[in-house]
Amino acid sequence: TQWVYTFGDGKAEGRADMKNLLGGKGANLAEMSSLGVPVPAGFTITTEVCTYYYANGETYPADLKDQVAAGVAQLEKIMGAGFGDRKNPLLVSVRSGARASMPGMMDTVLNLGLNDETVQGLIEQSGDPRFAYDSYRRFIQMYGDVVLGVEHHHFEELLQDLKDDRGVDLDTHLNADDWKELVGRFKAKVHEELGRPFPEDPQEQLWGAIGAVFGSWMNQRAITYRRLHDIPAEWGTAVNVQAMVFGNMGDDCATGVCFTRDPSTGENVFYGEYLVNAQGEDVVAGIRTPQHLTIHGKQIHGSDLPAMEEVMPALFKDLCDVRDRLEAHYKDMQDMEFTIQRGKLWMLQTRTGKRTSKASLKIAVDMAREGLISEAEAVDRIDPAQLDQLLHPMLDPDAEKDVLAKGLPASPGAAAGRVVFSADDAEEWVKRGEKVILVRIETSPEDIGGMHCSEGILTTRGGMTSHAAVVARGMGRPCVAGAGEIRVDYKAKTFVARGRTIKEGDTVTLDGSTGEVMAGAVPTIQPELTGDFGILMGWVDGIRRLRVRANAETPLDAQTARKFGAEGIGLCRTEHMFFDPARIIHMRQMILADDEAGRRKALDTLLPYQRQDFVDLFSIMQGLPVTVRLLDPPLHEFLPSSDEEIADVAKAADVDEGTIRAAIVRLHESNPMLGWRGCRLGVSFPEIYEMQARAIFEAAVEVAQKSGETVVPEVMIPLVGTKKELDLMKAVVDKAAEEVFAAKGKRLDYVVGTMIELPRAALRAGDIAETAHFFSFGTNDLTQTTLGMSRDDAGPFLHYYREKGIYEKDPFASLDQDGVGELVEIAAARGRKTRPDIKLGICGEHGGDPSSIAFCEALKLDYVSCSPYRVPVARLAAAQAVL
Ligand code: PEP
Ligand code: MG
């Protein structure tokens, strides 16, 4: 087996499409090398070695040693230097690189190969002893921390002691001898902590680092990151060993991070940050404030530090050439890392750049128009979750704002919450039901759990490519980064901005699109969708086969649904139409009545309300299909509970309170979701469904006569398990229809169908389809009944199931395709066998979930139905499902 793939000198054994084997970083280094982009030579140890390592008690394949040795030999040849050579030492970096990018999640070691002898060679080669000893102490520090497990703070303390000894504040005031002294102290510390000396042998160093990278795949922060991003543990990481290039050898050196387009707005402008005379980690860590690449970037962010374009115009041009080549080659926005060593540009990484939702849309649409990609590719590029973010709130421009401070607009969207100062506190507060804003000087990978549960993130240090900014953007959390005018005091749990003090627990609002931090909760509004959104959705609609409807019952929901492109209503939950205080009283009266006369009295009051509801819905939907589901009230949601409610119902029903209380006791259910719900109510008291059917047909006739718009009502019966239930209910509906048509002198087409939300209904779909004109899969109930897990009670234990991988995703959010999905498949097949043109749809929560939508496409259902805000996402997912 080939475990090691080399690259460098315009050649490579790997390719960009070998990410599974080489990891994202390794595959792209190989690709860049083949393209002739300047990449320091190196080799990649494959992810298969990681898999082997964990499958074989943390050991390596027997022939790995020889392959690594050959890799090192080739590296030495290309670089003209020797690994461990005291005159001309080859130094390497050792980094992880998984299939999916996991920024900052795993460990890196730089400057590997240095020891007391090779440092002399580095002094000779660089002519700069200060640089050489600084590199050496950085190496001991990183290697000590990452590989040997000597905690970081020991090194920080020794550095601080040395600065105190020398009476200086800044690292830059330490000279070569100081760094040399520190190297000695670092090594003594390592010896003291471990009881053995720091390894001087470069081979031992190399294998230690390789082991640490493979080991880091299973560290806690990597595990958490994978869980949050659905990355399977089996993927493993690759290890990249690469010749070092130095951005910190003087003022003709630099290091930086850049994007081929603006990752925040999507504009086709070169965007990035760099630091002169620095090592790569310095930019990302946000310790020094980075400078902009371009004059344009400098201007829009109001920076007065000189841009790279001004400082190093020739190298900037080289970088622009690389930008053009990589974007044309990858046909997507790239996120690149570079280092300039003594006036020569080296590319250290390229990958598809993370971007805001807004940028994602703009870049896809622009690239399709530029002819770089096709319209279908543009559609395929948009992450449905990101599209979702575009539909989320922003600050109301007319609202009063009390601005406390301003930082960088690091991740868009607006959010308010109570201030906490640590990721742990964020998680704790959120568990108690609070909404929080996480405020940190800077964030680190350990903070991601807390960042994920926060409404927004505020940091006082670091640039647009800092950890906080990159991670928040990926998570879709609003983030203001580098708000330097804010002073955080972690001990006192306060921050001070422009002379005002904000305490833990105070409410603030962040606007991640402008960088503003405001006191209090500022009102938000829905964003205007840009022209790009409409253009993309046009392409989407040209591609998809599935129709997309909305679950809606109020005029507002129906209007929203139309605005977002819904092609009908797939589920109107009529019980939701009775929550209004003026109505619920009659609803309760109806439920609690002890005879038909009592029920009819309440129903007569409800009929005009219902009719008007349907008139509104049919009018708004202008002839599009509307599926009205007859009453399905879990009784416990409707029974009165407070004394006041009981008194009100008693009064309305004209009975004493004792009668009502007795009825409440009689109707109490220990398992309401499996109780007297759905058509069981209609079977018991047909007058209820009769009233609803009457209201539907009277409304349909009224709208047809008024507007000339033909509505074809689709009447849907809930919680059906047997054909007989459906037959009985359909007879009630048909009779009401006939009576209304006769009375109004006008007939209309209509259909009667059923929900499939019980396993029995799915299995007996063949006979049910003899009566039903359509099926709508109620996968909320079908999931709860198939899994035998209460949809209201599964939350607390489901996360154990997800952690243990029993269900990979929450089955109430994303369809359990193997189990519940098989029932859907059976029901679709049996239903179609009886009635080949039966219309099939889905209206459970899964109707808005992209992977469930792909499943519906595979079964060739006719439509999905989801909440109005998810309609655009569902349209997109439906299009992607056919690509
Ligand atoms: C369902 O069960 O999937 C469904 C849509 O109905 P409800 O959520 O109202 O029970
Ligand atoms: Mg249901």
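## Annotated spans and model

Residues 317-370 are 50% helix and 31% strand, with end C-alpha atoms 23 Å apart; helices (H or I, at least four residues) and strands (E, at least two) are DSSP runs, numbered from the N terminus. The structure is a predicted model, in which local features need pLDDT of at least 70 and side-chain atom pairs count only at pLDDT 80 or more, while totals for chains, interfaces and linings use all residues. Residues are numbered from 1 along each chain as its sequence is written, and chains are lettered from A and ligands numbered from 1 in the order in which they are written.

The span 317-370 belongs to a feature that UniProt, in an unreviewed entry, calls "domain: Pyruvate phosphate dikinase AMP/ATP-binding" and places at residues 20-57, 63-299 and 317-370. UniProt positions are given in the numbering used here, feature names are shortened, and annotations may be inferred rather than shown by experiment. Residues 20-57 are 66% helix and 11% strand, and their end C-alpha atoms lie 22 Å apart.

## Overall layout

The chain has 883 residues, of which 51% are buried (20 or more other C-beta atoms within 10 Å of the residue's own; exposed means 12 or fewer, partly exposed in between; C-beta atoms are placed from the backbone). It contains 35 helices and 32 strands, and its C-alpha trace spans about 105 × 60 × 50 Å along the principal axes. Of the contacts between residues at least 6 apart in sequence, 67% join residues at least 24 apart; a contact requires C-beta atoms, placed from the backbone, within 7 Å.

Four domains are listed: domain 1 (68-243), domain 2 (254-355), domain 3 (392-521) and domain 4 (545-882). These bounds come from an automatic or database domain assignment. The C-alpha centres of domain 1 and domain 2 are 25 Å apart.

## Nonpolar core

The largest nonpolar core holds 253 residues, and Ala209 and Val864 have the most contacts inside it. Such a core is a set of buried Ala, Val, Leu, Ile, Met, Phe, Trp, Tyr and Cys residues joined through C-beta atoms within 7 Å. Helix α27 (residues 686-707) contributes the most to this core, eleven residues. Leaving out residues up to four places away in sequence, Ala209 touches Val94, Val109, Leu112, Tyr143 and Val147.

## Ligand shell and active-site records

Around ligand 1 lie Leu571, Arg573, Asp632, Glu757, Gly778, Thr779, Asn780, Asp781, Cys843 and Gly844 (C-beta atom, placed from the backbone, within 6 Å of the ligand). By class, two are nonpolar, four polar and four charged; Ala, Val, Leu, Ile, Met, Phe, Trp, Tyr, Cys and Pro count as nonpolar, Asp, Glu, Lys and Arg as charged, and the others, Gly among them, as polar. Both β26 (569-573) and α31 (779-787) supply at least two shell residues, with the largest share, three, coming from α31.

An unreviewed UniProt entry places "active site" at His467 and Cys843. The two are spread over 377 residues of sequence and up to 39.5 Å between C-alpha atoms. His467 sits in helix α19 (residues 467-475) and counts as buried because it has 23 C-beta neighbours inside 10 Å. Cys843 is in the loop between β31 (839-842) and α34 (850-858), and is buried, with 28 such neighbours inside 10 Å.

## Positive phi

Asn277, in the loop between β8 (271-276) and α10 (280-285), has a positive phi of about 50° although it is not a glycine. Asp654, in the loop between α24 (643-653) and α25 (657-667), has a phi near 60° and counts as exposed because it has 9 C-beta neighbours inside 10 Å.

Note on methods:
Contact = placed C-beta atoms within 7 Å.
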